[in-house]
Amino acid sequence: MSALAIETRGLVKAFGKTRAVDGIDLAVPAGTVYGVLGPNGAGKTTVVRMLATLLRPDGGDARVFGHDVLREPDEVRQRVSLTGQYASVDEDLTGLENLILLARLVGYDKRAARRRAEQLLAAFGLIDAAGKQVKHYSGGMRRRLDIGASILNTPKLLFLDEPTTGLDPRSRNQVWDIVRAVVSYGTTVLLTTQYLDEADRLASRIAVIDQGKVIAEGTPGELKSSVGAGAVHVRLRDPGQRTEAEWVLSRCLGGHVVLEADPVALTARVSGNGNGDTDRRTAEQAAAALTALAEAGITVDDFSLGQPSLDEVFLALTDRTVEEETKA
Amino acid sequence: MSTATTVEAQEATYTFSPETLQAVLAPGDAPRRPSWLSASFTFGWRAMLKIKHVPEQLFDVTAFPIMMTLMFTYLFGGALAGSTTEYLQFLLPGIMVMSVVMITMYTGVAVNTDIVKGVFDRFRTLPIWRPSTMVGYLLGDAFRYTVASLVILGVGLILGFRPEGGVVGVAAGIGVLVAFSFAFSWIWTMFGLLLRSEKSVMGVSMMVLFPLTFLSNVFVDPNTMPGWLQAFVDINPISHLVGAVRALMDGGWDTTDMTWVLVSGVLITVVFGALTMRLYNRR
Ligand SMILES: Nc1ncnc2c1ncn2[C@@H]1O[C@H](COP(=O)(O)OP(=O)(O)OP(=O)(O)O)[C@@H](O)[C@H]1O
Ligand SMILES: [Mg+2]
């Protein structure tokens, strides 16, 4: 038995000229939540589909609990479950019918299948909607049913492809709670997301991917400190002072300054690359930046210190890749 | 509207508790994976549920055959056989075959509209006998073919169809027809997976089905046709299917036609079944 739930080396998938996945190496320890973070079109879904035996890789190899996805697909299928990016339940059927159908397909007999389906509906708070067609469900209910369907056969590895995209904050929280519970019972979860925040809350390790490549990998803490501990968001009174503010911030914090769509807003990364007490250093640097703005006679309406957003992580990481490449 | 309200009311009261998941996630004794037959029937059950929830899909298999029967009986009956009742004895088994073979194309449309939905991904990640998903469609379709056949039979009986073969002969005829159509539908599962849109599936189906059904012995005895056309009609499996069904309903048995039906049915299943599964695994 391998201690890795997923292991890929040089995984490649091309659609025509697009190399959707361009040489990805992953090592996902069993029993953890692993986050795959990336923007639209990064190749997240393509990776998941190859690992779930839905797509044939064009190159490299991928193993799930030591079983090759190409050579032993049935072994892989016995251990995994997939909640796709788009509902993987049948909209025309009722919630109950969906679950009975799947329970029958994993081998429960008629009575046991019904019992299993009802048990799952109860656990996910869908008993009252059991007899309704799924097309009448809200987004949150649909997601819960979908995840319920995925854990019906208590898989060893669960793929969740953007499980919270399009959900309201309440439903998102419910999904997070479910993911935590699922992992606490020993299932490994591979979760794709576009939100650093989500990966940060759930995952013990994260791979950031862009254009089919892994551009960074590590624990959430490692990732965040590698791109800077935080970000300073500033709103000015006068849009005319933005260029000057950009200059002050970039000199003072030494990092990248992003001009937001809002003409009075800008965001600057705080490198915080001190040892140990990163948060304090970040706060000090931010305070210094604020002072510098005041000294330059720039009126600040609003100021906040936050975690870097995916955009910022992203910019930082892609910048660095470019820098490394030019150095080499 | 009431549906939506209850569903939303339900949504508002849900609070997640990890304890409730405990029972669900506790590793009980995992069931053994289902046999190929059980998996296929489960997918057949899914097809029946779809008919239950979207009964409109039965409209095509009832309205179309009724229209065909009425139209051809009265259009050709007087001219070809002198009387409509007389012609009906000849026409009905043929029109039944034609209508049922025509509606097999809905299999392709159903596969095509379904395959793009996420639920297919779930089916394809299950460790089950792979063709069972497709066989399930065909089992549901076999039900529709039976419904269509019975509808045509009903209309025929009202118009004066009096088969010599009696209940047994008619039942055997319908049995052969449904079995052949089950085999024939593999052509459409293939096109359903191969083509991009529902429209193109329809288009291709028409191009295949019109010549196959019209250039046959459904309407008239091929002896009246020019030689080149007769040659096609003679090798057209639909002609042999019509011959076999006609014989059975007439209380007889045609070994040549029956053999043709059997051989072509098996061939179609093997060739198009294999192509279908190839495409299914590729996607
Ligand atoms: N079946 C396909 N045919 C052609 N191109 C595809 C196909 N599937 C994906 N692609 C392309 O591959 C790239 C990666 O797509 P993928 O769906 O894996 O991204 P993603 O990270 O899941 O994005 P999103 O966040 O939008 O879901 C994109 O450029 C996409 O256009
Ligand atoms: Mg995706």
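## A briefing on chains A and B

Phe232(B) lies in helix H12 of chain B. Keep that residue in mind, as we will come back to it below. The model you are looking at is predicted.

**How chain B is built**

- Chain B has 14 helices and 0 strands.
- The C-alpha trace of chain B spans about 80 × 40 × 35 Å along its principal axes.

- The size of an interface is often given as the accessible area lost when the parts come together.
- Here, chain B and chain A bury about 4,600 Å² between them, and 61% of that area is on carbon and sulfur atoms.
- Chain A brings 55 residues to the contact, and chain B brings 41 residues.
- The interface of chain B and chain A holds 13 residue pairs in polar contact, counting pairs with both residues at pLDDT 80 or more.
- On the side of chain B that touches chain A, at least two residues each come from helix H1 (2–13), helix H2 (18–25), helix H3 (36–53) and helix H7 (118–124) of chain B.
- Of these elements, H3(B) gives the most to that side, with 9 residues.
- Sorted by type, the residues of the side of chain B that touches chain A are 21 nonpolar, 9 polar and 11 charged.

**A nonpolar patch on chain B**

- Here Phe232(B) returns: together with Met206(B), Phe210(B), Phe214(B), Leu215(B), Ile235(B) and Trp260(B), Phe232(B) forms a nonpolar patch on the surface.
- These patch residues have about 590 Å² of accessible area together.
- Helix H11 (198–214) and helix H12 (227–235) of chain B are the elements that give two or more residues to the nonpolar patch.
- H11(B) supplies the largest share of the patch, 3 residues.

**Salt bridges**

- Side chains of opposite charge can pair when their charged atoms come close.
- Over all chains, the count comes to 25 salt bridges.
- Between chain B and chain A, the count is 7 salt bridges.
- Lys50(B) forms a salt bridge with Asp90(A), and their closest N and O atoms are 3.0 Å apart.
- Within chain A, Asp262(A) forms a salt bridge with Arg235(A), the closest N and O atoms being 2.6 Å apart.
- Asp262(A) lies in the loop between strand E12 (257–259) and strand E13 (265–270) of chain A, while Arg235(A) lies in strand E11 (residues 230–236) of chain A, so this pair ties together parts that are 27 residues apart in sequence.

Methods
Residues numbered from 1 in each chain as written. Chains lettered and ligands numbered in written order. Predicted model: local features only at pLDDT ≥ 70, side-chain atom pairs only at ≥ 80, totals over all residues. Heavy atoms only, no water. Contact = heavy atoms within 4.5 Å. Buried area = accessible area lost by both parts, 1.4 Å probe. Salt bridge = Lys/Arg side-chain N within 4 Å of Asp/Glu carboxyl O. Polar contact = N/O pair within 3.5 Å; in protein donor to acceptor, adjacent residues only side chain to side chain. Helix = DSSP H or I, 4+ residues; strand = E, 2+ residues; numbered from the N terminus. Nonpolar A, V, L, I, M, F, W, Y, C, P; charged D, E, K, R; others polar. Patch = residues over 30% accessible without salt bridge, like charges linked within 9 Å, V, L, I, M, F, W, Y side chains within 5 Å. Areas by Shrake-Rupley, 256 points an atom, 1.4 Å probe, with all protein chains shown as cover.
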